[in-house]
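Biologist: Hi! Could you walk me through this fold before I start setting things up?

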Amino acid sequence: MKSSAVVHEYFKRVFDDYIVLVQLNPMDFSGLELIVHPDKKLEKTKMQFDEDIKEDLEVDEFKPISALEFNLYLKGLA
């Protein structure tokens with residue numbers, strides 16, 4: 001019996017005046033991108049990545065973060 005539970009992976013990069021966070025489903029490469037603007041406005045975009053996404057994130061200097069940190073930003077609490 002296969003489990004339908006997915007353990008997402010989370011990444012973050014801080015730019016000069018905004019933050020980008022990525023939630024990645026490593027099973028099908030779907031995910032969610034959050035952009036946190038300086039005025040705390042949150043932009044959410046559903047994404048479909050390719051199998052090279054982890055390497056791309058590493059090259060772009062994204063760092064792994066916890067699910068808690070991602071969800072704090074998602075809920076506007078960070």
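Modeller: Happy to; we can go through the sheet, the cores and a few single residues. Keep in mind that this is a predicted model.

Biologist: Good to know. What order do the strands of the sheet come in?

Modeller: The order is β4-β3-β2-β1-β5, in an open sheet of five strands with antiparallel pairing. The edges are β4 (42-48) and β5 (63-65), and each of these pairs on one side only. On average, neighbouring strands are turned by 25° against each other, ignoring direction.

Biologist: How many bridges join β3 to β4?

Modeller: Seven, and the two strands run antiparallel. Glu33, for example, has Thr45 in β4 as its bridge partner, and Ser30 has Gln48. The hairpin of β3 and β4 has five residues between the strands, and Lys40 in that turn has a positive phi of about 75°.

Biologist: And over how many bridges do β2 and β3 pair?

Modeller: Six, again in the antiparallel sense. Leu21 has Leu34 in β3 as its bridge partner.

Biologist: Is β3 largely enclosed or largely open?

Modeller: Largely enclosed by the rest of the structure, because six of its seven residues are buried.

Biologist: Nice. What lies across the sheet strands?

Modeller: That's α2, which lies across β1 (9-14), β2, β3, β4 and β5 and runs at about 60° to β3.

Biologist: Let's switch to packing. Which residues make up the largest nonpolar core?

Modeller: There are ten: Tyr10, Ile19, Leu21, Leu32, Leu34, Val36, Ile65, Phe70, Tyr73 and Leu74. Two or more residues each come from β2 (19-24), β3 (30-36) and α2 (67-74). There is also a second, separate core of nine residues, including Val20, Leu24, Leu57 and Phe62.

Biologist: What does Leu74 touch, leaving out residues up to four places away in sequence?

Modeller: Leu32, Leu34, Leu42 and Lys44. Of these, Leu32 and Leu34 are listed in the largest core along with Leu74 itself.

Biologist: And Phe11, is that buried or exposed?

Modeller: Phe11 counts as buried, because its relative accessibility is 9% and the cut-off for buried is under 20%. Phe11 sits in strand β1. Beyond four places in sequence, its contacts include Val20, Leu24, Leu57 and Phe62, and those four residues belong to the second core.

Biologist: How far apart are Phe11 and Ser30 in space?

Modeller: They are 14 Å apart, C-alpha to C-alpha, with 19 residues of separation in sequence.

Biologist: While we're on Ser30, what is it in contact with, apart from neighbours within four places in sequence?

Modeller: Ser30, in strand β3, is in contact with Gln23, Leu24, Asn25, Met47, Gln48 and Phe49. Separately, the side chains of Ser30 and Asp28 are joined by a polar contact of 2.7 Å.

Biologist: What about Glu61, where does that lie?

Modeller: Glu61 lies in the loop between α1 (53-59) and β5. Glu61 also has a positive phi of about 65° without being a glycine.

Notes: Residues numbered from 1 in each chain as written. Predicted model: local features only at pLDDT ≥ 70, side-chain atom pairs only at ≥ 80, totals over all residues. Heavy atoms only, no water. Core = buried A, V, L, I, M, F, W, Y, C linked by side-chain atoms within 4.5 Å. Buried < 20%, exposed > 50% of the residue type's maximum accessible area, 1.4 Å probe, protein only. Helix = DSSP H or I, 4+ residues; strand = E, 2+ residues; numbered from the N terminus. Contact = heavy atoms within 4.5 Å. Pairing = 2+ DSSP bridges. Axes fitted to C-alpha atoms, helices over the stretch in contact; angles between N-to-C directions. Polar contact = N/O pair within 3.5 Å; in protein donor to acceptor, adjacent residues only side chain to side chain.
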